[in-house]
Amino acid sequence: MCEVKLVAFSVTTKRESFAEPVEPTTMEHLSFFLEAMRDRKVASVVPTAPASVRRICRRIDKDRPVTLVEYGPGTGAFTRPLLKHLHPESTVIAVELNTSFAAKLRRFSWNRPADEPKLIVQRDDAGNVQDILREHGFDKADYVLSGIPFSLIEKDTRTRIIDQTYRALTPNGCFLVYQFSFHVRKLLKERFEAVRSRRVLLNIPPLCVMEARKTDLKRHV
Ligand SMILES: C[S@@+](CC[C@H](N)C(=O)[O-])C[C@H]1O[C@@H](n2cnc3c(N)ncnc32)[C@H](O)[C@@H]1O
């Protein structure tokens with residue numbers, strides 16, 4: 001009986017990375033809602049749900065140190081689980097345009113546990129990712145995770161962000177985008193070698209997740 005339970009547990013942990021949910025607090029929900037009322041670029045009234053965060057983050061390798069840039073962390077719905085689950089020698093660079101979100105996340109970044117990944121918070125535009133990486137002593141990123149509302153951004157700016165992201169990634173790098181629509185998929189396909197997309201129905205409204213890579217891994221199998 002006991003053995004059966006142990007086997008079942010090990011199967012579950014192997015399949016489900018980012019298994020420990022990090023729930024947003026009531027204050028985070030309130031802060032998110034208030035900023036959404038003030039700033040249209042927040043583009044949602046609630047942070048992404050923990051179950052959706054877990055689904056999306058499964059694509060990220062947590063067994064090796066990585067440099068991950070997060071565009072639009074908001075109140076940290078992805079940032080906190082990433083810090084809990086990524087390899088401890090990883091670095092997360094959170095790039096947030098909204099002043100209030102950036103300030104709160106910066107305060108959170110102070111006095112972080114030494115055995116967790118490093119968190120750098122930058123109040124900036126995602127389109128400046130290459131400069132931001134250089135400023136903090138990094139050449140390239142392994143992952144860029146984006147929750148910014150591409151459909152509310154002008155086409156030229158959108159194209160610049162995607163181009164800058166492409167240049168900022170390592171050759172095996174991955175750009176993970178979650179949105180409420182597949183609006184940006186066409187632009188991703190124009191720039192990246194391989195783009196895969198899926199829906200995460202656990203979220204309200206459901207999320208459209210796109211994974212863009214510079215290398216088409218299927219071609220190298
Ligand atoms: C839909 S919210 C996502 C928040 C959080 N990642 C989550 O999943 O709960 C979009 C976030 O992107 C930020 N944002 C919008 N445009 C941006 C840009 N150009 N650069 C950086 N952040 C941006 C907004 O301020 C907001 O925090």
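pLDDT is the predictor's confidence in each residue, on a scale from 0 to 100. We start there, since this is a predicted model. The protein chain averages a pLDDT of 89. Of its residues, 88% score at least 70.

Now look at residues 1–16. Here pLDDT stays under 50. For this stretch, the model has three contacts beyond four places in sequence.

On to the ligand. Where does the ligand sit? The space taken by the ligand is the largest pocket.

How many residues surround the ligand?

Next, the polar atoms. A polar atom of the G72 backbone lies 2.7 Å from a ligand nitrogen. With Y178, a polar atom of the side chain is involved, and its distance to a nitrogen atom of the ligand is 2.7 Å. Then there is D125. An N or O atom in the D125 side chain is 3.5 Å from a nitrogen atom of the ligand.

How much of the ligand does the protein cover? On its own, the ligand has 600 Å² of accessible area. The protein covers 96% of that.

Residues 1–16 are where pLDDT stays under 50.

Conventions. Residues numbered from 1 in each chain as written. Predicted model: local features only at pLDDT ≥ 70, side-chain atom pairs only at ≥ 80, totals over all residues. Heavy atoms only, no water. Polar contact = N/O pair within 3.5 Å; in protein donor to acceptor, adjacent residues only side chain to side chain. Areas by Shrake-Rupley, 256 points an atom, 1.4 Å probe, with all protein chains shown as cover. 1 Å grid on protein atoms, 1.4 Å probe; cavity = no way out; pocket = protein on both sides within 12 Å on 5 of 7 lines; lining within 4 Å. Sits in = over half its atoms within 2 Å of the grid points. Contact = heavy atoms within 4.5 Å.
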